[in-house]
Amino acid sequence: MTLDHWGEIKERLLKTVGQNNYTTWIEPLVPGDVEDGIVTLKVPTNFFGNYVSQNFSDLILHEINAAGTDATRLNFALNQQPANAADKPAPAARQTTAAVKPTANSQLSTAPLDPRFSFDNFVVGKPNELAHAAARRVAEGGPVTFNPLFLYGGVGLGKTHLMHAIARELHERRPDMNVLYLSAEQFMYRFVQALRDRKMMDFKEIFRSVDVLMVDDVQFIAGKDSTQEEFFHTFNALVDQHKQIIISADRAPGEIKDLEDRVKSRLQCGLIVDLHPTDYELRLGILQSKVEVQRKTYPDLEVADGVLEFLAHRITSNVRVLEGALTRLFAFASLVGREIDMGLTQDCLADVLRASERKISVEEIQRKVSDHYNIRLSDMIGPKRLRSYARPRQVAMYLCKQMTSRSLPEIGRRFGGRDHTTVMHGVRRIEELKVSDGQIAEDLELLRRALES
């Protein structure tokens, strides 16, 4: 096969694959020898050769045969000189040397890791114990049975803490591994930059050469079609190579609006772990842990009995608000030279405590539950006893008991004048079902989050 033949073949391929695919994947190919029906094509990188082999080899082989060369298969070999070297002489050795690309590894730059975020200072409780165990397992660096690991939860529940802890542990345990940690925004920025600089091949090679890819806040690529497509192909390439992927988001894959179905499907094929909102015990444990850290800066400050319990009970929104309140409390106490007692706490954190006092009404719970189960509010609080109405009614009664200060008789009156014993039965029934019925437990969690947000 002569260079003239190859030029004709490329012209026909241009008409078939289009300008973009031609420029990216066909034009860089350099024809080599033909032996025993095997046509060698030289490629700039191994990844390039693999991609062309999987996506264009049949088409190229057809055009080569149509041009009069008897070919049965293609062989892709790494080119040791620039793609245009075949078209012109290369008299100076330094010309070839200058064209050598830096390795993909040399271009990797992970996002900075916060030294505060490690497994040692991550407080484990029932709401986050599964996420912590899964993160620990992945951080060992060995083969795992789930890929990807998808962590999701609301703001300030520990997703980023676990992501940083995994990356730090992998760097320490397996320094030989290429671990790339970045946010979805950084992934998108690098992608756009590669498009602008016409360096998509470098971008692809960088992201496909890692051993562990970690992407934080993946919900931010939703609605960005080109970025989603590149993320999808990167994801597939790494999974095919048995490389570990770890993703975090503020909600489950299926709940991320404007995320393509094929991306959702891929994200759902591994282990999906929900970091639940913190309970009282976990919040108290976090406060106790953070007090020990604060004592290193303020060794003379004392915390009166009951203050931490008060904060754990009153500040329920998220851990960041809780930590911020404690930091503010220690700083204020050190400036005024007072012990951290209940009076100082209420004075210093008045605005935070007021913000956490949002009252949830019975009517609000009723509306949320009827919307969640897609039934009319009048049917839920009315006399109908069909299971499709009775179960949501019991769920609403249970949430009213848990999330408001209303008494059982008051709740009964808001549900069509029912007796308090009916409310008591409904609450007990839901308490039993949330242990045995996973769907009820999930519904309760979703409704609780919606009401507390």
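This is a predicted model: local features need pLDDT of at least 70, side-chain atom pairs count only at pLDDT 80 or more; totals for chains, interfaces and linings use all residues.

Student: Where is Ile60, and what does it touch?

Tutor: Ile60 sits in helix 4 (residues 57-66); helices here are DSSP runs of H or I with at least four residues, strands are runs of E with at least two, and both are numbered from the N terminus. A contact means heavy atoms within 4.5 Å. Leaving aside neighbours within four places in sequence, Ile60 has contacts that include Trp6, Leu13 and Ile26.

Student: What makes the buried residues of helix 2 lie on the same side?

Tutor: The buried residues of helix 2 (residues 19-26) are Tyr22, Trp25 and Ile26. They cover an arc of only 100° around the axis, so they are on the same side of helix 2. That arc is taken from the directions from the helix axis to the C-beta atoms.

Student: What makes Glu169 and Arg173 a salt bridge?

Tutor: A salt bridge is a side-chain nitrogen of Lys or Arg within 4 Å of a carboxyl oxygen of Asp or Glu. For Glu169 and Arg173 the N to O distance is 3.0 Å, inside that limit. The two are 4 residues apart in helix 7, which means they are separated by about one helical turn. Glu169 is buried at 17%, whereas Arg173 is partly exposed at 46%. Arg136 joins Glu169 and Arg173 in a network of salt bridges.

Student: Which salt bridge does Glu230 form, and what does the pair tie together?

Tutor: Glu230 pairs with Arg208, and their closest N and O atoms are 3.3 Å apart. Glu230 is in helix 10 (residues 225-240) and Arg208 in helix 9, so the pair ties together parts that are 22 residues apart in sequence. Glu230 and Arg208 are both buried.

Student: How do you know that Glu363 and Arg414 form a salt bridge?

Tutor: Their N to O distance is 2.5 Å, which means they fall within the 4 Å limit. Glu363 lies in helix 17 (residues 362-372) and Arg414 in helix 20 (residues 408-414), so parts 51 residues apart in sequence are tied together. Glu363 is partly exposed at 34%, and Arg414 is partly exposed at 31%.

Student: What does UniProt list as a binding site?

Tutor: The UniProt annotation "binding site" (unreviewed entry) covers Gly156, Gly158, Lys159 and Thr160. UniProt positions use the numbering used here, feature names are shortened, and annotations may be inferred rather than shown by experiment.

Student: Is Thr160 buried or exposed?

Tutor: Thr160 has 19% relative accessibility, so it counts as buried. Thr160 is in helix 7. Gly158 is also buried, at 16%, and is placed in the loop between strand 4 (149-153) and helix 7 (159-173).

Note on methods: Residues are numbered from 1 along each chain as its sequence is written. Side-chain values use heavy atoms; hydrogens and water are left out. Buried means under 20% relative accessible area, exposed over 50%, partly exposed in between (1.4 Å probe, protein chains only).
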